[in-house]
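Dear colleague,

Please find below the structure that I am handing over to you, together with its sequence. My findings follow directly after it.

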Amino acid sequence: MKTFSTVTLLLLLLAGFAEVPAAELSHEEEVRDWRERRHERLSSEGGWLTLVGLEWLQEGENRIGSTESSTVNIAGGPDDWGTLFVTGDELRFVPSPGKGITVDGKEVSEQAMVADVQGEPTVVRSGSLSLYVIFRESYALRVKDSQAPALKNFEGVPNYDYQPDWRYEARFVPAPEGETIEIGNVLGQLSPSPVYGYAEFERDGKSYRLLGLGDEESESIWFLFADRTSGRETYGAGRYLYSDGMPENGRLVVDFNKAYNPPCVFSEYATCPLPPQQNRLDLAVTAGEKDFHAH
């Protein structure tokens, strides 16, 4: 089967997350606008708060439903969704007739499925539930519910107050051509990921360095980091951060006010990459999102 780097997966999954700020906004307004758009994404019916299941698929026939004959068990929805066939990297879904199941909004007798790493994933729906295929070393079904309690009870993610001094025009050091790093995820899987370069900045007279992931098609550099707030005021496994655009003249804008929680904060069914050892900062980054606890 095909393998895909962590960066490739996240660029596909989080496309559009790193946005270029409007030039006419002040820095404080820019951060406030970023947080409002972040809240809107999390509050949407397709956001991470709707994620309610992750079911692994086997090669061959996968009967989806809630009966004893089901090989993939989905709580709620019809008792028999149909059968998903996995043949290498070819995916095919045959819905059960008469159940009101749609595939990309249409009722069909059979449909080839696109996984998340292959493009826009094919979505199967019944009522408030939706299913689509992801690839994490093997194929799995990701299950979402637009009526999930986590979404209905969501009131927002706590943030540190706006801190202008946590925005840096960092020194950018390009990585040697072809450099990669193994990035682990919460499932214990490792993925080789391209290193784009390093951002260096100073805080209270000390120098710090962050390894950034990306490739020639990136519009921002992606940082996975942990710091001395991790497990205390912020999520224990670390946070994520996109640079504001790409390096220019050896400088790169890194704004920790936009540091955000990984999807695993919102659902146990997410497959979050973890910060590499190089990005575990001996520094308390008191900016960006704090830990989130669902009620």
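With which residue does Arg136 form a salt bridge? The partner is Asp116, and the closest N and O atoms of the two side chains are 2.9 Å apart. Please bear in mind throughout that this is a predicted model. Arg136 belongs to the loop between strand 9 and strand 10, while Asp116 belongs to the loop between strand 7 and strand 8, so the contact ties together parts of the chain that are 20 residues apart in sequence. Both Arg136 and Asp116 are buried.

Strand 9 pairs with strand 8 (residues 124-126) in the antiparallel sense, over three bridges. Within this pairing, Arg125 is placed opposite Ser130. The two strands make a hairpin with two residues between them, and Gly127 in the turn has a positive phi of about 60 degrees.

Strand 9 also pairs with strand 10 (residues 139-145), again in the antiparallel sense, here over seven bridges. Ile134 has Ala140 of strand 10 as its bridge partner. Three residues lie between the strands of this hairpin, in which Glu137 adopts a positive phi near 75 degrees.

An open sheet is built from five strands in the order 3-2-4-5-7, and its pairing is mixed. Strand 3 (72-73) and strand 7 (111-113) are the edge strands, each pairing on one side only. Inside the sheet, strand 4 (residues 80-87) and strand 5 (residues 90-95) run antiparallel and are joined by six bridges. Gly82 stands opposite Pro95 of strand 5.

Strand 5 also takes part in a charged contact. Arg92 forms a salt bridge with Glu110, with the closest N and O atoms 3.2 Å apart. Arg92 is in strand 5 and Glu110 is in the loop between strand 6 (102-103) and strand 7, so the pair connects parts that are 18 residues apart in sequence. Arg92 counts as partly exposed because its relative accessibility is 34%. Glu110 is likewise partly exposed, with a relative accessible area of 43%.

Helix 2 has 17 residues and reaches 24 Å from its first C-alpha to its last, which is close to the 24 Å expected at 1.5 Å a residue. Its buried residues are His27, Glu30, Val31, Trp34, Arg35, Arg37, Arg38 and Leu42. These residues cover an arc of only 165 degrees around the axis, and therefore they lie on the same side of helix 2.

In total, 13 salt bridges are counted in the model. One of them joins Glu289 to Arg38, with the closest N and O atoms 2.8 Å apart. This pair links distant parts of the chain: Arg38 lies in helix 2 (residues 27-43) and Glu289 in the segment after strand 17 (251-255), the two being 251 residues apart. Glu289 and Arg38 are both buried.

Ile183 is found in strand 12 (residues 180-184). Is Ile183 buried or exposed? It counts as buried, because its relative accessibility is 1%, where the cut-off for buried is under 20%. Ile183 is 11 residues from Pro194 in sequence, and their C-alpha atoms are 9.8 Å apart in space.

Leu187 lies in the loop between strand 12 and strand 13 (190-203). With a relative accessible area of 36%, Leu187 is partly exposed. Together with Trp56 and Val186, Leu187 forms a nonpolar patch on the surface, and the accessible area of the three is about 250 Å².

Yours sincerely

Notes
Residues numbered from 1 in each chain as written. Predicted model: local features only at pLDDT ≥ 70, side-chain atom pairs only at ≥ 80, totals over all residues. Heavy atoms only, no water. Pairing = 2+ DSSP bridges. Helix = DSSP H or I, 4+ residues; strand = E, 2+ residues; numbered from the N terminus. Buried < 20%, exposed > 50% of the residue type's maximum accessible area, 1.4 Å probe, protein only. Salt bridge = Lys/Arg side-chain N within 4 Å of Asp/Glu carboxyl O. Patch = residues over 30% accessible without salt bridge, like charges linked within 9 Å, V, L, I, M, F, W, Y side chains within 5 Å. Areas by Shrake-Rupley, 256 points an atom, 1.4 Å probe, with all protein chains shown as cover. Expected span 1.5 Å × (residues − 1). Arc of directions from axis to C-beta.
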